[in-house]
Amino acid sequence: MSESNPQSPTYTKRTRSKTPIVIGVIILVGLIAAVAAYFALTRPTADGDSRKELAVGLVLEPTSLDVRNDAGVATGQVLIDNVYQGLVGIEAGSIADIVPVLATEMPEVSSDGLEYTFTLRSGVTFHSGAELTADDVVSSLSTALTTDSVGFAANVEKVDANTVSIVLEQPNSRLLWELAGSAGVILEGGSTDGLQNSANGTGPFTFTRWKQGDSITLDKYADYWGEPALVDRATFRFFPEGRAAVNALKDGDIDVHTALLSPLRAEFEGNANFEMVRADSADVFTLAYNSARAPFDDPRVRKALSMAINGEALVASQNGDAVQLGSPITKLEPGYVDLTNVNAYDPEAARALLAEAGQSNLSLTITSPNFYDTAALDMVTSQLAEVGVSAKVKPVEFPTWLNDVYSNHDFDLSYVDHAEARDLGNYANPDYYFGYDSPEVQRLYAESLASTDVDAEAKLLEDAARVIADDAPAKWLFNYTPTNVISTKVTGFPSVNTNARVSLAGVSIDE
């Protein structure tokens with residue numbers, strides 16, 4: 001799910017070469033130092049160009065830099081691909097296509113689907129200067145690929161100095177997906193010490209600074225093994241309040257802002273200095289019912305609430321930044337099937353089901369992080385009221401949502417953006433915050449994991465999705481396709497999945 005560390009909507013203006021420098025008689029030592037620092041930042045690089053800096057605005061700030069253990073997507077959005085890498089990764093421009101990264105090619109897989117053999121790239125170094133070794137891979141993945149962390153166990157072995165193998169107890173179709181995400185990042189010596197506030201990876205950028213409540217700064221890594229970054233410095237700035245992001249764009253303090261709130265699109269219509277790009281995504285704004293708590297343990301109540309909600313009207317409220325969705329996952333992911341007609345909008349049927357369940361006068365609370373645009377939630381509460389359900393929205397800061405909803409399961413309904421791709425398995429986990437416990441879904445999902453045929457896997461996921469949709473543990477309100485506002489000086493900025501990962505490889509800026 002998405003995450004945030006909301007702060008007041010303030011930001012520090014960047015010091016870029018556009019600021020005029022008044023040359024005069026310098027008396028104060030402090031002023032001399034400031035000018036010297038300026039010229040250090042703008043001195044020509046080896047190819048004769050000025051130092052290039054990029055500033056990217058994001059809504060969500062990490063609560064920790066521990067990419068393995070921080071809940072949500074904000075940490076990986078900044079650090080995966082840029083600072084941290086794995087044996088494999090997600091292909092640029094896709095949601096779930098896997099490509100080799102620190103491995104020279106995709107793994108050799110045994111016929112029984114139990115053993116994956118990877119050959120490592122040579123000449124890769126961590127930002128500490130240490131060379132990447134097979135031992136680093138073994139120690140990193142041995143601690144990450146466990147039942148507790150990814151749902152299955154794996155034995156990671158060093159074959160030789162350039163080769164590692166991963167051996168499974170039974171086939172698992174999610175292995176490569178997990179290796180492409182936070183569980184698969186390779187750490188020097190496998191160490192996780194101190195990573196809450198620092199980072200040491202193998203990517204094109206090094207971690208420089210985290211100014212909490214404001215920004216994270218990355219610098220180009222001079223000894224990167226692959227194609228070098230095209231900017232010398234990248235700063236991610238955090239704007240939980242949309243108006244502050246608009247001001248920062250117009251003032252030139254950021255070059256890009258991802259996921260601009262839909263009502264603010266008009267601010268940039270016809271502005272020749274910016275381009276607005278809607279990003280394909282796996283984001284699913286989800287109204288989850290606490291199936292472990294009465295009255296939501298009654299499927300009739302969950303179905304009725306789902307039937308009360310008009311998905312087409314919700315999509316219309318998003319100013320084009322949404323697509324109607326009737327499935328737990330999006331059409332960009334394997335196993336998608338269109339289920340919009342299941343528990344579709346039917347207020348009369350909703351009222352009848354509530355009456356049948358003896359719940360005609362429900363009074364509910366919807367707990368939601370407080371940084372979302374309220375248009376969709378306002379519409380949901382109005383639609384529920386039309387079938388006799390009183391719903392009150394409880395906006396909370398994201399750490400509170402994590403504690404109350406995600407960890408303690410203390411909620412009636414929850415409204416949140418699930419930004420992670422391939423997360424249908426959440427519905428097969430009775431301990432997840434949904435509280436949804438379906439043996440049939442768990443069986444189908446387990447069979448999909450054990451399948452070594454991609455078509456068979458997708459069919460099993462489709463079957464599971466049909467059961468989930470009929471049981472209605474949640475209402476999938478819409479697939480969010482966020483608007484990224486990009487300065488015309490910027491080229492190569494990614495246009496897919498940017499709410500989960502913002503890879504800056506290949507991004508450049510003209511000063």
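Helix axes are lines fitted to C-alpha atoms over the stretch in contact, and the angle between them runs from 0 to 180 degrees between N-to-C directions. The model used in these exercises is predicted.

**Exercise 1. Describe how helices H12 and H13 pack.**

Step 1. Locate the helices. H12 covers residues 439–450, and H13 covers residues 454–471.

Step 2. Take the geometry. The two helices pack at an angle of about 165°, and their axes are 8 Å apart.

Step 3. Classify the angle. Angles over 145 degrees count as roughly antiparallel. H12 is therefore roughly antiparallel to H13.

Step 4. H12 and H13 cross in a left-handed way.

Step 5. List the residues that meet. H12 brings Glu440, Val441, Leu444, Tyr445, Glu447 and Ser448. H13 answers with Glu457, Leu460, Leu461, Asp463, Ala464, Val467 and Ile468.

Step 6. Sort them by class. The contact of H12 with H13 holds 8 nonpolar, 1 polar and 4 charged residues.

**Exercise 2. Describe the largest cavity.**

Step 1. The whole structure has 4 cavities of 30 Å³ or more. The largest cavity holds about 270 Å³ of space.

Step 2. Name its centre. Of 20 lining residues, Ala259, Leu261, Phe285, Tyr372 and Tyr480 lie nearest the centre.

Step 3. Name its elements. Strands E11 (256–260), E17 (413–418) and E18 (474–480) each give two or more residues to the lining.

Step 4. Count the classes. This lining has 12 nonpolar, 6 polar and 2 charged residues.

**Exercise 3. Describe the second largest pocket.**

Step 1. Give the volume. The second largest pocket has about 650 Å³ of space.

Step 2. Find its centre. Among 35 lining residues, Asp81, Ile90, Ala92, Ser503 and Ala505 are the closest to the centre.

Step 3. Identify the strands. E2 (88–90) and E3 (98–100) each supply at least two lining residues. The largest share, 3 residues, comes from E2.

Step 4. Count the classes. The lining of the second largest pocket has 19 nonpolar, 11 polar and 5 charged residues.

Definitions and conventions:
Residues are numbered from 1 along each chain as its sequence is written. This is a predicted model: local features need pLDDT of at least 70, side-chain atom pairs count only at pLDDT 80 or more; totals for chains, interfaces and linings use all residues. Side-chain values use heavy atoms; hydrogens and water are left out. On a 1 Å grid over the protein atoms alone, a cavity is a set of points where a 1.4 Å probe fits but cannot get out, and a pocket is an open set with protein on both sides within 12 Å along at least five of seven lines; lining residues have an atom within 4 Å of a point. Grid points are joined across faces, edges and corners, and a volume is the space filled by probe spheres set on the points. Helices (H or I, at least four residues) and strands (E, at least two) are DSSP runs, numbered from the N terminus. Ala, Val, Leu, Ile, Met, Phe, Trp, Tyr, Cys and Pro count as nonpolar, Asp, Glu, Lys and Arg as charged, and the others, Gly among them, as polar. Angles under 35 degrees count as roughly parallel, over 145 as roughly antiparallel, 65 to 115 as roughly perpendicular and the rest as oblique. A crossing is left-handed if the near helix is turned anticlockwise from the far one by less than a right angle, and right-handed if clockwise. Contact means heavy atoms within 4.5 Å.
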